[in-house]
Amino acid sequence: MKNIFCTLLLLIVGTTTFAQSSSELLVLSAIVKDKTIPSAEVIFQKNGETSITKYTNSNGIASIPEQFRNDSEVIVIIKKEGYSPLITKCLCEGLTYAISPTMQELDGMRIVLSWDNSPQDIDSHLSYAGGYVCYYKKESSHAILDVDDTDGYGPETITITKKEQGKKYVYAVHNFSDKELINNSNLSNVSRAKVFIYIGNTLIKTYTMPTGLKGTIWIPFLIDEMGNIVNVGDFKNATSWEGVSTILRNYRFDGDQSVVTSSDKSESTIINRKGEEEYHAGNLENAIFLYQSAIELNYKNGQAYSNLGLAFQKLNKEAEALWANRKAIDLASGSKAHVVRASSYYNIAKIYEKKQQWQDALDNYKFAKNNREHRAYNEGIVRMTAKLR
């Protein structure tokens, strides 16, 4: 059915061609199909070398400096006013990068998929209780497929306008082009796919397609009932969107089996402390970068998430702060776990109160009180109860 639809669409509007060479990258909007982004700042960085900045031309294309080509250690940063900065490691040649307009929704999230020219058609799917979004069903409760790309590179973008608490969301990438070839490795070995997750004005998480695996479906992550992004990395097979839907609706995750090395844990702790020093010195952006670096090394570093949430809150990045505080709650452990959970719930409650979402604020003040007795929590409960009368 999708092939018929796409053929008809091509007959009506034709195809869009970008004059892009292998020594260039293309920058598009994540939510408007084939909308190029001119005058975007593209910064190429690598340890030990001077950074070089380029700007996209009127067609959204930027040239890659020769010394940064075909190098997986290069970091590319793409900036444009009104869009969230994109930061990723980059074998950039000939690839398309989609940047996300800043989101205003407090509990919103944007998921952007990009890939190489083959397989030409891979799809984003999102499943949750009461809703399903993919090319076949582009809009559901508080979620929409902004862009469906069928001719390579992407982006495919799903925007969640309001994450509903208490619901699990499962996201997957489906190799539609090779859907009949069960257990083929084209998705894993050829696509060079990446999934970018944006919250508010910030790129929160990047997933890079692993290689050497077989299947037509890649499930990089899910969002649990508390709003935490959970690493999955599973591969399955399905020959249709209905098959993908069945797998996602019935999906049960056995838990993250990845291991953080002792050296990474140690380095993460050191970097987190450097972030705290920057925070207390008033250098909030530097602190955020260091906290995120600590989390990259040890995604179970609950203290780094707690610190990150506080720094986001200081910068009035409420959506990002909600996410970081929820993750701190999820990871809290040890004798002080109840203190971390209580303070994180309190931070969440204050954000909701600021936005006049009284019931959400009340719920979180109560969660804080359930973990630790404190006058501020009781006062918050009284205030929110009065607002709801």
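A crossing of two helices is left-handed if the near helix is turned anticlockwise from the far one by less than a right angle. I note this first, for the helix pair below. The model I am reading is predicted.

**Entry 1: helices α7 and α8**

I looked up how α7 and α8 pack. Helix α7 covers residues 318–331 and helix α8 covers residues 337–354. Their axes lie 9 Å apart, at an angle of about 160°. Angles over 145 degrees count as roughly antiparallel, and α7 and α8 are therefore roughly antiparallel to each other. The crossing of α7 and α8 is left-handed.

Next I listed the contact residues. From α7 I have Glu318, Ala321, Leu322, Asn325, Arg326, Ala328 and Ile329. They meet a set in α8 that includes Val340, Arg341, Ser344, Tyr345 and Ile348. I sorted the residues of this contact by type: nine are nonpolar, three polar and four charged.

**Entry 2: the four-stranded sheet**

I traced an open sheet of four strands, in the order β3-β2-β5-β6, with antiparallel pairing. Which strands stand at the edges? They are β3 (49–55) and β6 (86–89). Each has a single partner strand, so one side of each is left without a neighbour in the sheet. The twist averages 15° from one strand to the next.

I then checked β2 against β5. Strand β2 (residues 41–46) pairs with strand β5 (residues 75–79) over five bridges, in the antiparallel sense. Glu41 stands opposite Lys79 in β5.

**Entry 3: the six-stranded sheet**

I found another open sheet, built of six strands in the order β11-β12-β13-β8-β15-β16. The pairing here is antiparallel. I put β11 and β16 (202–208) at its edges. Each of the two has a single partner strand, so one side of each lacks a neighbour in the sheet.

Inside this sheet I picked β12 (residues 143–147) and β13 (residues 156–160), which run antiparallel and are joined by four bridges. Ala143 has Ile160 in β13 as its bridge partner.

**Entry 4: aromatic pairs**

How many aromatic pairs does a search of the whole structure find? I get twelve. I opened the pair of Tyr136 and Trp241. The ring centres are 4.6 Å apart and the planes stand at 20°, so the pair is stacked; the cut-off for stacking is under 30 degrees.

I also located both residues along the chain. Tyr136 sits in the loop between β10 (131–133) and β11 (139–140). Trp241 belongs to helix α3 (residues 241–249).

How values were computed:
Residues numbered from 1 in each chain as written. Predicted model: local features only at pLDDT ≥ 70, side-chain atom pairs only at ≥ 80, totals over all residues. Heavy atoms only, no water. Pairing = 2+ DSSP bridges. Axes fitted to C-alpha atoms, helices over the stretch in contact; angles between N-to-C directions. Parallel < 35°, antiparallel > 145°, perpendicular 65-115°, else oblique. Contact = heavy atoms within 4.5 Å. Nonpolar A, V, L, I, M, F, W, Y, C, P; charged D, E, K, R; others polar. Phe/Tyr/Trp six-rings, centres within 6.5 Å; stacked < 30°, edge-to-face > 60°.
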